[in-house]
Amino acid sequence: MSYLNQQFDALLKYWPDEDKNIRTLRTNSFDQFNTIGFPTRRWEEWQFTDFSKFIKKQFRLSWADDLPNIPKSIPGLIPDLNFILIINGHYQSQLSALPDGVRVSTHLEDFNTDENIYTYGSSQNPFQVLNTAMMNSGVPIHIESNQIIEKPIQIIYLMTNLSEPLMNHPRFHYHIGENSQATIVEHYIGLSDQPYFVNSVSHATIGNNASFNHVRIQEETESASHIASTHYQLETDAQLNATHFSWGGELFRHDIQITFNGNGGDATLNGLCLTENHQHHDQHVTVDHQHDGCNSHQLFKYILGDKSSGVFNGKVIVRENTKQTDADQSNKNLLLSPDALMNANPQLEIYSEDVKCAHGSTTGQIDSEALFYMRSRGLTQRKATELIISGFAEEITKSITNENISDYINEKINQWLRSSNNDD
Amino acid sequence: MLEIKNLHAGVDGKEILKGINLIIKPGELHAIMGRNGSGKSTLANIITGRDNYEVMKGSVTYNGKDLLDMLPEDRALSGIFMSFQYPVVIPGVNNTYFLRAALNAKLKHQGLKEMNAVDFMHLIREKLNRVQMDEKYLTRAVNDGFSGGEKKRNEILQMLTLEPTFSILDETDSGLDIDALKIVANGVNNFRNKERSFLAITHYQRLLEYMEPDFIHVLIDGEIVKSGDKTLAAELEKKGYSWLEK
């Protein structure tokens, strides 16, 4: 861990005039991180993910010098959206375009408004406290109240071709004002064959009667370690529709938490992971029902090829004395190779009687009956396999309502299918 | 022309078909009747090339080509089709998209131009009419949420679209009420011509009342024990199968 101490000192020196309170937050968080340490397989919530290789790696924080020439065409840019561009951790405000009713602020301003966001839910998660200590990029985004933002906002968090292993600790806060509607695409994309480390934290507060669409795309290269935490907090009658895609990274761990802070909230969280080679994708979801009349729906699908592995750990908690909770959670996995591995653990913790809950998990291979059926109509085994897999993914992709975004996702899935199908 | 010679075949080393000989000429409709477990479905699976079935002896050729050597998709492209007894649900795969992909695979194989979505919709609407199927089934996933009868109509729709020269109708009457049976049989009858041949596999005579066979074969314990013309069906209906057993 010594390289982290060194990097932390360098960060403090790099921003000598930083606000005193933020400085204290960083120092406290870094102390906390040093106390907790990196996870080991003896930690129950982390037991299926091996960090031993990751811990041996060393990364340097990205500085202003690491901002390359801006590429002429920005990879991952989805047509006809508003966008925020961050390259190697550096916000390119002059290249970003935002509509009225949307404002980007600073972490100092956010901290002065509500410092609790910075320590929210972090006590058990070393990566989250490390992010708080080292946060060096990302921005708070404010959707003012009573705004309908028609065009989605795409955040492109691009890591270009690097000459040495870099790390970044992005932090995004989404403040969705009362009665507002907005779509934010949080898109991590990498180009580097060098190892790199992205350790992100995102926190969304969705105001009363507001509606937030969140599409998260993790499209790092296979040299990357991408660790993330995402929190959603829903106020009274707030709606969340979140869809998470991941097909990048050698090591991916994502902790997702949904909390209802008022009655009548409605949250849908869907996810699709595509893994191949030796990739490992681990997602932990906690949905906490502590108010009345809230609904939550989760569907997570994994498609695993080669020697890749996946973990899905989903927990739905329904607190005592809550009424009229409707919660379901489903996890379905498709293994494309005999060497692929899936660990699924859906859990319900119900302390109330007035609930409707369902959960389940299935893991299987390509349906040989379906394969034969399609081949008997003249489709090659390869084409039939592709259709079955994309049909499996469709249940997730169809929840994207913006056509440009769904076109982007579908094209990426098809590319993935064609390249992974080529291996055999 | 489909030619089956002394076919011995089975699963897991167990012989189910014990020397089948059958010739089906262009334009003919043959019916194979028999009880459950007599080997009817095994015969269909051998012809279409399903995995896990092994041929121990004998041959199956289609227009002189050795079928047993071909992949299922290549058999399909050569004009073989099967209406499945249990059509398979393929979640997330749009029915229209699937049908067009199958038709285009065939057109491509024949060196013809593939069909665009607009032309295909034109074609498929006309075929839908013939099996009196609601257009809403085109937008659903393949067989997903279809009733038993709708699944069978969808099979016949695929047959009418792909225009195979040899079609197996595997228990196509099962799960159909009388109205649906008439529609399905009509679809097949209108599709019959001098070039196209059929093998209808069925338990009961019922289907054959609406779809007149040229020949009927009775399969018992993996062997064809009796062949005859359409009058054999009525006789079987009256007497059952036991008088034919050894």
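Author: What follows takes the labels in turn, for a predicted model.

Reader: What scores does the model carry, and what is the mean pLDDT of chain B?

Author: The model scores ipTM 0.96 and pTM 0.92. Chain B has a mean pLDDT of 93, and 100% of its residues reach 70 or more.

Reader: What makes A182(A) buried or exposed?

Author: A182(A) has 26 other C-beta atoms within 10 Å. The cut-off for buried is 20 or more. So A182(A) is buried.

Reader: Where is A182(A) found, and which residues is A182(A) in contact with beyond its sequence neighbours?

Author: A182(A) is found in strand β9 of chain A. Leaving aside neighbours within four places in sequence, A182(A) is in contact with I143(A), I149(A), I153(A), I176(A) and F212(A). A10(A) lies 38 Å from A182(A), C-alpha to C-alpha, and 172 residues apart in sequence.

Reader: Why is S96(A) called partly exposed?

Author: S96(A) has 18 other C-beta atoms within 10 Å. Buried needs 20 or more, and exposed needs 12 or fewer. The count of 18 falls in between, so S96(A) is partly exposed.

Reader: Where is S96(A) found, and what does S96(A) touch?

Author: S96(A) is found in the loop between β3 (90-91) and β4 (102-104) of chain A. S96(A) touches F83(A), I84(A) and L85(A), not counting residues up to four places away in sequence. Between S96(A) and D266(A) there are 31 Å, C-alpha to C-alpha, with the two 170 residues apart in sequence.

Reader: How do you know that α6(B) is largely enclosed by the rest of the structure?

Author: By its burial: 12 of the 15 residues of α6(B) are buried, so the helix is largely enclosed. Among the buried ones are E150(B), K151(B), K152(B), R153(B), I156(B), L157(B) and M159(B).

Reader: Which elements do the buried residues of α6(B) pack against?

Author: They pack against β6 (80-83), α3, α4 (117-130), α5 (136-139), β9 (166-170) and α7 (178-191) of chain B.

Reader: What span is expected for α6(B), and what span does α6(B) reach?

Author: With 15 residues at 1.5 Å a residue, 21 Å is expected for α6(B). From first C-alpha to last, α6(B) reaches 21 Å. Just after α6(B), E163(B) takes a positive phi of about 50°.

Reader: What makes α4(B) hardly covered?

Author: The count of buried residues among the 14 residues of α4(B) is one. In span, α4(B) reaches 20 Å from its first C-alpha to its last, close to the 20 Å expected. Q132(B) follows α4(B), with a positive phi near 45°.

Reader: How far apart are the C-alpha centres of the two domains, and how many residues does the contact take from each?

Author: The contact takes 12 residues from domain 1 and nine residues from domain 2. On the domain 1 side, β9 (181-190) and β13 (239-246) of chain A give two or more residues. β13(A) gives the most to that side, with three residues. By class, the domain 1 side has eight nonpolar, three polar and one charged residues.

Reader: What makes up the contact between chain B and chain A?

Author: The contact takes 22 residues from chain B and 18 residues from chain A. On the chain B side, α2 (72-77), β7 (90-94), α3 (95-109) and α6 (148-162) each supply at least two residues. α3(B) gives the most to that side, with five residues. The chain B side divides into 15 nonpolar, three polar and four charged residues.

Key: Residues are numbered from 1 along each chain as its sequence is written. Chains are lettered from A and ligands numbered from 1 in the order in which they are written. This is a predicted model: local features need pLDDT of at least 70, side-chain atom pairs count only at pLDDT 80 or more; totals for chains, interfaces and linings use all residues. Two residues are in contact if their C-beta atoms, placed from the backbone, lie within 7 Å. Helices (H or I, at least four residues) and strands (E, at least two) are DSSP runs, numbered from the N terminus. Ala, Val, Leu, Ile, Met, Phe, Trp, Tyr, Cys and Pro count as nonpolar, Asp, Glu, Lys and Arg as charged, and the others, Gly among them, as polar. The expected span of a helix is 1.5 Å times one less than its number of residues. pLDDT is the predictor's confidence in each residue, from 0 to 100.
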